[in-house]
Amino acid sequence: YQRRVREFVMSSTQQSSAARSSKCVFVGNIPYDATEEQLIEIFQEVGPVVSFRLVFDRDTGKPKGYGFCEYKDPETALSAMRNLNLRDMNGRPLRVDFAENEKGAQDKQASQWSRAIPQIPSFQPGQSIQVA
């Protein structure tokens with residue numbers, strides 16, 4: 001856990017000055033039952049929220065567990081990142097970071113918090129296994 005936090009802090013400090021001047025923050029690890037209203041209430045603690053957008057799966061209509069919060073200025077967005085990162089919401093620590101503008105970068109940003117699940121090959125009974 002400490003390593004993941006350290007990696008997050010290091011990656012945050014290495015971000016470009018363009019990202020640091022953003023008025024929008026990425027919010028990850030959002031509980032699936034959370035509403036935009038509940039999230040706005042939390043994110044208004046650091047300043048007025050211009051907009052909040054939860055991201056939903058196109059096929060299922062279910063939330064993907066991340067979203068974006070826009071503030072009126074970069075200073076408020078920075079305050080949100082500093083003060084609301086790892087904030088508990090329904091037993092889950094929210095991940096708050098600077099948002100990147102490109103859609104591909106948003107997907108990359110969302111996936112950096114998901115844990116990789118190793119693929120375990122399936123074997124048939126009697127099948128021999130080669131070990132290198």
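Phe26 and Phe68 are both buried, where buried means under 20% relative accessible area, exposed over 50%, and partly exposed in between, with a 1.4 Å probe and protein chains only. The model is predicted: local features need pLDDT of at least 70, side-chain atom pairs count only at pLDDT 80 or more, and totals for chains, interfaces and linings use all residues. Residues are numbered from 1 along each chain as its sequence is written, and side-chain values use heavy atoms, with hydrogens and water left out.

The structure contains four aromatic pairs. Rings of Phe, Tyr and Trp (its six-membered ring) count as a pair if their centres lie within 6.5 Å; planes under 30 degrees apart are stacked, over 60 edge-to-face, and the rest tilted. Phe26 and Phe68 form one of these pairs, edge-to-face, at 5.7 Å centre to centre and 65° between the planes. The pair links distant parts of the chain, with Phe26 in strand 1 (residues 24-28) and Phe68 in strand 3 (residues 63-71), 42 residues apart. Helices (H or I, at least four residues) and strands (E, at least two) are DSSP runs, numbered from the N terminus. Phe68 also pairs with Tyr66: the ring centres are 6.1 Å apart and the planes stand at 85°, so this pair is edge-to-face. Tyr66 is buried at 9% relative accessibility, and Phe68 is buried with a relative accessible area of 5%. Phe26, Tyr66 and Phe68 form one aromatic cluster.

Next come the nonpolar cores. A nonpolar core is a set of buried Ala, Val, Leu, Ile, Met, Phe, Trp, Tyr and Cys residues joined through side-chain atoms within 4.5 Å. In soluble globular proteins, nonpolar side chains tend to be buried together. The largest nonpolar core here has 20 residues, and those with the most contacts inside it are Val27, Ile30, Leu39, Phe43, Phe52, Cys69 and Tyr71. Two or more residues come from each of strand 1, helix 3, strand 2, strand 3, helix 4 and strand 6 (95-98). Helix 4 gives the most, with four residues. Apart from this core lies another, of five residues, among them Phe26, Val55, Tyr66 and Ala99.

Phe52 has contacts (heavy atoms within 4.5 Å) beyond its neighbours within four places in sequence: Val27, Ile30, Glu36, Leu39, Ile40, Phe43, Phe68 and Cys69. Val49 lies in strand 2 and is buried, with a relative accessible area of 16%. With neighbours within four places in sequence set aside, Val49 is in contact with Ile40, Phe43, Gln44, Cys69, Glu70 and Tyr71. The C-alpha atoms of Val49 and Ala77 are separated by 9.5 Å, the two residues being 28 apart along the chain.

The charged side chains remain. A search of the whole structure finds two salt bridges, each defined as a side-chain nitrogen of Lys or Arg within 4 Å of a carboxyl oxygen of Asp or Glu. Arg87 is partly exposed, with a relative accessible area of 28%. Lys72 forms a salt bridge with Asp73, with the closest N and O atoms 3.6 Å apart. Lys72 is exposed at 53% relative accessibility, whereas Asp73 is buried with a relative accessible area of 17%.
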